[in-house]
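Visitor: I would like a close look at the side-chain contacts in this structure, meaning the charged pairs and the aromatic rings. Please take me through them with care.

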Amino acid sequence: QTAGRGRLGRTFFSPPDGGVYLSVLLSHGFDPTQVTIRAAAAVHRAIFSLCGLTCSIKWVNDLQLDGRKVCGILTEGLFELETGAMTGAVCGIGVNVGSRFPPELREIAGTLPDETDKNALAAAVLNELEHCLSLNFEQVLDYYRLYCPLPGHAVTVHPIGAEPYEARAVSIDNQGRLVVDRGGELIALPGGEVSLHRE
């Protein structure tokens, strides 16, 4: 795959020599939110096993190294036109490897070292994804929570089609939703985007 793309039609910076971009077609039977969390855990494990680097996981679909995004994940459902039934999902994964970023991205985007073997990384990601898809979701969540620093921190929630609001991340529930406290009201977010405040 020659490039990646982001959520809501956004671009994903994809220089030809600066990353690993791949998509995996999955049959029906997986909740799309679960697929994203399983994929994040898989990429985390792959990067650690291959590079010895420990990333943090930014709910729900990014991996960060030293506070900068090194991986984005996008899961989209496939639907049968006549019935509307979901027939599968496509999980897209983009990992920056030896990337050189334009000035506007240098503070937010990170990369794995130049010497990282991209073929080995792609293989490790696929092997770990197969493994994480085979586990009980609770097992994957236990791993995911270990490396997701959001709970306990102030965040801005960016709902689709609504105004952003301030909240405090509380936990990740057993369905993989981020639970936030908005002025005493607990809200479980099934997806979307949050930004962590610099504290």
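Guide: What follows goes through the salt bridges and then the aromatic rings.

The model is a predicted one, and a search of the whole structure finds six salt bridges, among them the pair formed by Asp-114 and Arg-100, whose side chains meet at 2.6 Å from N to O. Both of these residues lie in the loop between E7 and H2, so the pair ties together parts that are 14 residues apart in sequence. With a relative accessible area of 47%, Asp-114 is partly exposed, because the cut-off for exposed is over 50%, whereas Arg-100 counts as exposed at 55%.

Arg-68 is partly exposed, at 28% relative accessibility, while Glu-107 is exposed, with a relative accessible area of 58%.

The salt bridge between Lys-69 and Asp-62 has its closest N and O atoms 3.3 Å apart. Here Lys-69 counts as partly exposed at 27% relative accessibility, but Asp-62, at 11%, counts as buried.

Turning to the rings, a search of the whole structure finds three aromatic pairs. One of them joins Phe-12 and Tyr-21, whose ring centres are 6.4 Å apart and whose planes stand at 80°, so the pair is edge-to-face. Phe-12 counts as buried, with a relative accessibility of 14%, and Tyr-21 likewise counts as buried, with 7%. The rings of Tyr-143 and Tyr-147 also form a pair, with centres 5.1 Å apart and planes at 50°, so this pair is tilted; Tyr-147 counts as partly exposed, at 28% relative accessibility.

Tyr-143 has a charged neighbour as well, for the charged end of Arg-45 sits over the ring of Tyr-143, 5.9 Å from its centre. Tyr-143 therefore takes part in two contacts, being paired with the ring of Tyr-147 and having the charged end of Arg-45 over its ring. A further contact of a charge with a ring is found at Tyr-165, where the charged end of Arg-182 sits over the ring, 4.0 Å from its centre.

Methods: Residues numbered from 1 in each chain as written. Predicted model: local features only at pLDDT ≥ 70, side-chain atom pairs only at ≥ 80, totals over all residues. Heavy atoms only, no water. Salt bridge = Lys/Arg side-chain N within 4 Å of Asp/Glu carboxyl O. Buried < 20%, exposed > 50% of the residue type's maximum accessible area, 1.4 Å probe, protein only. Helix = DSSP H or I, 4+ residues; strand = E, 2+ residues; numbered from the N terminus. Phe/Tyr/Trp six-rings, centres within 6.5 Å; stacked < 30°, edge-to-face > 60°. Lys NZ or Arg CZ within 6 Å of the ring centre and 35° of its normal.
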